[in-house]
Structures are given as C-alpha cells and as structure tokens.
Amino acid sequence: MAAASLDLQGLLARLDPTADVAQRHIWLIDVFDWLRGDRASPQAAVGRVSLLLDAIEARPELRERLRAWWRAFTQAVDLTALLADYGFAPRTAFVSELTERLRRKILPGTPETTDASDLFRMVLPGAFDAGWIALQGDAQLARIGALLADAALDDDGAPRWRHTVMDAVTYCSSQVVAAGFSPELRLRMSAASESRAFHALMSDLDALREQMFRAPRDEVALQAAFVAFRDRLDACRASASSVYTHLEDNGISVGLVFRLRQLRERVLRIRELLDCLISPAPAPSVARLVGRLVLAGGERNSIRALIASNSSMLAAKVTERSAETGEHYITRDRASYLQMVRKAAGGGALTALTVLLKFGIYSLALSAFWSGLWSGLMYAASFVAIQLLHLTLATKQPAMTAPAMAARLRDIKTDAAVADFVDEVANLVRSQVAAVLGNVGLVVPAMLALALLVQFALGRPLLDAAHAAATLQSLSLAGPTALFAALTGVLLFAASIVAGWTENAFVLHRLDSAMRYNPRIGAFLGAARARRWATFMRTHISGFASNISLGLMLGLLPAFAGFFGLGLDVRHVTLSAGQIAAAAASTGMAVLQQPALWWAVAAIPVIGALNVSVSFYFAFRLALRAHSVSLGDRARIRSAIWARWRSRPISFFLPA
C-alpha cells in the first residue's frame, strides 16, 4: 500500500491544468494505467479508484486543480464525436476496413490529439476496463460525479456534459434519419411499415431539447417529450426492420444488411445516451455507457470481430437463396422417398455415361490442364443435364438442404421447435440415403452394360489391364481415398456457395424482370419467349451455377494441385462407383478374385459418407452463423438428435 501511495502521490503531483494537450493526455493515460495495476482482478482496480478519490478529496487545492484540468480537457477534446460515433464502422468494404484495423494495431497512436475517439482507445483499451468500471458502486460513482460537478457550465447554467450528450443524441438521430431516407432502405420498406416516423424524428428531438434545457424545468413536459421521442425512435426502428422481409423475398445485399445493423446500433446508442440525460441519478448510466464504449471499441478494433461480422452477412446472403432450393431435396413421407430413389436412379444411369466420357477424354492423352478443363466441362454438362431432366445427384443435396434446415432455427427456443427440427434432420438423412442408394444402385449396372457394349463394338475392353488395375488401386480404401472424398465434400460446399451467391445476385438485381420486360431483350426474343426465358432462368439459375462450378472444380483441381506438386484428387461417390464398375467389366470375372476390387468396393460407403457429411457440416455451420443460433441452442439440438438416434435409429434411414 505504501508503494502504491507513493506512485499515486507522484501522479497527483504531475496534475497540471496549464500543460499542453499532449502532457495532459499522457497524465490521463498514466492515471488509468495506475488504476489497472497488474490487471490481476477488477476488484483491485475498484479499490484503487477509491484510493484515488480519498487522496483528492483530502486536499482542497488538488480538487480545484482537477476541476481546472477537467475544464481544459473538455474544451480541447470533442467528446460529442466519441459518444455518437465510437465503435461504428464507417465503411462496408472488407479490405479497407481490415487495412484500417491493421494500421491501428501496427502503428502507434499519439496522445497529442483532440480526437476523443483516438484518446479513448489509448486510455481504455480493453475489456478489463469494462469489467472494473461495471463494478463501481453507486456511492463511488456519486463521489466521482460530485468531484467533477460544476467543473464546466455553459452560458445557460446547465452542466456542459448535458449539452455534450444531447449533441451526441442529435448526431446519432441524424444518422438514423439519413439511413431511413436512403433509397436503398426507403424503397424496400413494406407499405404497412413505411411511415412518417423518420420525417418527424428530428422535430421530436428539438422538442425534447427545448424541454431539457428550459429554465425552470417542467418535469411533466420533459417526460412527455422524452416518451414522444422514444416512441418515434421505436417506430423508425420498426420501419427499418420491415426491410428484412423484403431482403428474404427479393435477395440480400451486404451493404443493406450493414446499413440496417448500423441503424439498429445507433438506436441503441441513442437510448443509452438518453438514460444519462433523463435519469435523476445519471452516474450509473454514465458508467454503463462508458463500459459499453470500451466493449464497442474492442469490437471495432478486432480483426476477428470484423471477419465474424462480414462472414455473418455473407452467410445470410448465400443461405437464404439456398434455403429455397434445398426444400426440394428433402423427403418427408414414403411417396417422396420413393420418388427420390427413382430420380437418383435416373441420375446414376446418366452418370454412367459421364464416366464413359471421362475415360474417353483420358484416352486422348492431353496435358494435365487441358485434360482437367475438358473433364470439368464434361462434368458440368452432365450435371446440368441431370438437373434439366429433373433427376438427382446424391452429393449435391447436403449443401443445399442444410440452409433449408437452418432456416427453421429462427425460433428454436421451445422443446417443440427442437423436436420439429430433429424430425427435419431425420427427413434429411433419409433423403441422403435414398439418393445415394439410387445413384450407386443404377450407375453400377448401367456402367457394366456400357462397358460390355463398348467391348462388343470395338472388339476390346473399355480399359486395358494396366489401366483397369490402376483405376481400382487409385480408389482403394487403403490409399488416400478418404482424404480425397473429404476434399470433394469441401468442393460440394463451395459449389453451394457459388449457387447461393449467384441466385441472390440474380434476384437482388431483378434480372428475371429485366429479361421479361427489357425492350431490347423483348425485341430480340419476342415477348412470349422472353417471359418463358425469365421464368426458366429464375427457376434454374442456382442449379446452373452450382453444377457448372462443381464440374469445373472436379475437373481442374487435380491439374492445379499437380502444378504445385500436391498430388490431390477428387472422389465423388457416384463417379467412383461407375469407375469401379468399368474397371471390373474390363477385367472380366477374374476380378472377383482380386483383393483390389473389394478394397475399392469397401471405399464406396466411406466416399459417400464423407462427401455428404463434410459438405453438410460446412453448409450447416454457415447457415447457423447466418441465423445467429446461440451455443446453448446448438447444445440442445445435439442432445435431441442423439436422443432420437438412441430411441428410433431406423427413422434416419426409412420413412415411417
């Protein structure tokens, strides 16, 4: 304690209200460093605050010097900007915001500044400060308020801090009005919600300001003005919230979501500022506000928070559209289950032709890039054909269906909602089982038939003995097949991201309407054909983007990986089953006695499981982030799924 007192006495001796800006701010930074101490506990910092107050209150001349210092500080530093803008990102561009945050972390700041935000960042840099500030008792806060009371008065006799806070409310309110008047938001507000709230907000604020600084104060009129302004602020927030419905129906823009989140945070900041003004004992409200500013500054400076925020907005952008598409892939009864098997069987039959074309491209002995490119284009054409024929490719489902499931998590607080979600998980797993069985169950006999047909037509097997053996060896479970299958699951997830982004952009920019009504397009296609094309593209754009991107990734990834010497490859369950069937047919009945065949056959369920589970995992995590599902709700969901698995495992494989 003696050492602490000596340090404190040294600090108080340096208190000089006539010092220049840099020295005054250095003294403030040193005081808060002393209050934090070794950061062992927030309670210790609270004790140091009490020690500081005792030392100042015991010396009247020191108290007057502190008040003079405070007057000089508030005159030199713009506290209004700190209260109104601290913690808010000024831009939506990820790269520029990341660059700014890196600059703050790398380059040192200077206390020679009149920007209160820069100074606040140096004085109260971390969450530890928010912790000990929150522990300040009402008595101690009252002591601080009394110490600084009357230190700065305006011409009307009101404390300057009240004018500062009211100016901050004005700045925040003007930002809210500007956001509400922006065409991006105004044109997307629903007709029922769009009101005159934004028009009248500033006039209500003027009425509140007039009552706040009226002498003598009429408490009844002040309370009425406060209630009117608060209700108007709530109306503005409700009008802005109606934009979310439009975004879900008509596409999501990251810029719009950013504006809406900023508007919501501005409204919350206004409420915190008003608490400081209206409360009869403002000290606790001021302490809470300072603590919130500390936390907001931490979020504002955090690179991890920036990535999390942007990924959340991007997740919402891609999952809402994929959720629409994914609904078509989930079976919920026996009839839809059997229909899925039939569609998957058709997809498997068409995939047999894809495998045949793949071996044809490899027989041309092209370079790695051109072989990969033509294989990718062939895959893309095959996948698009499966889509247009309304057939099913099994592994395309998980990345599409996970967002559809996560969309049901918006209201997951009740046990009934969790039970409904578990039912949806069972429906999804059954859909995967049906699709994989349908694909693999028909691609094998179809590929055997094609291989025998080629052998009959050409007089030789589809693959020679060396290529057949190499094919079986490359697909063996004893090799890196599981790793390649998991990598393919990542590619499936990436294709769903491309699909969601493309469909969202198509809907957001109203390209279907442009195709339908644009005069030039109408003159070229004709009105009727333009309408048909618009409807067709609106229905299939997501599938086209997903199938084409997936095909190109499956074909080109081995070529690009080989360029860097990585030796990576892809393993798609349906394509792999077709390749095994082609190699077996080319070898003949003797293949049944070869262990290589059975190692390859054993890899098929592993490939299918990894294709499905990896793509589903990433897509589901993305959708959870988009809907901000809490960790507690996630734990409840996992427990409910395991309980269903233990009690009714058959429900995950066959319909009731």
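Is A365 buried or exposed? In this predicted model, A365 turns out to be exposed, with a relative accessible area of 63%. A365 sits in the loop between α17 (334-362) and α18 (368-388), and its phi is positive, about 55 degrees, even though it is not a glycine. For background, most residues other than glycine have a negative phi, and most peptide bonds are trans. The backbone also holds a cis peptide bond, running from A215 to P216 with omega near -5 degrees. P216 belongs to the loop between α12 and α13 (219-250).

Helix α12 (residues 197-212) also pairs up with helix α10 (residues 160-181): their axes come within 9 Å and cross at roughly 170 degrees. An angle over 145 degrees counts as roughly antiparallel, so α10 is roughly antiparallel to α12. On the α10 side, the residues that meet α12 include M166, V169, T170, S173 and V177; on the α12 side, F198, L201, L205 and L208 are among them. Sorted by class, this contact has 11 nonpolar, 5 polar and 3 charged residues.

V169 and L208 show up again in the largest nonpolar core. This core has 77 residues, and W132, V169 and L208 touch the most other members. Helix α14 (residues 254-278) supplies the largest share of the core, 9 residues. Neighbours within four places in sequence aside, V169 is in contact with L205, F229, I270, L273, L274 and L277. In soluble globular proteins, nonpolar side chains tend to be buried together.

Not counting residues up to four places away in sequence, H25 touches F73, V77, P111, T113 and L119. G551, in helix α25 (residues 527-563), is likewise buried, with a relative accessible area of 0%. Its contacts, leaving aside neighbours within four places in sequence, are with G376, Y379, A380 and F383. G551 and Y379 are 172 residues apart along the chain, yet their C-alpha atoms are separated by 4.6 Å.

Terms used: Residues numbered from 1 in each chain as written. Predicted model: local features only at pLDDT ≥ 70, side-chain atom pairs only at ≥ 80, totals over all residues. Heavy atoms only, no water. Axes fitted to C-alpha atoms, helices over the stretch in contact; angles between N-to-C directions. Helix = DSSP H or I, 4+ residues; strand = E, 2+ residues; numbered from the N terminus. Parallel < 35°, antiparallel > 145°, perpendicular 65-115°, else oblique. Contact = heavy atoms within 4.5 Å. Nonpolar A, V, L, I, M, F, W, Y, C, P; charged D, E, K, R; others polar. Core = buried A, V, L, I, M, F, W, Y, C linked by side-chain atoms within 4.5 Å. Buried < 20%, exposed > 50% of the residue type's maximum accessible area, 1.4 Å probe, protein only.
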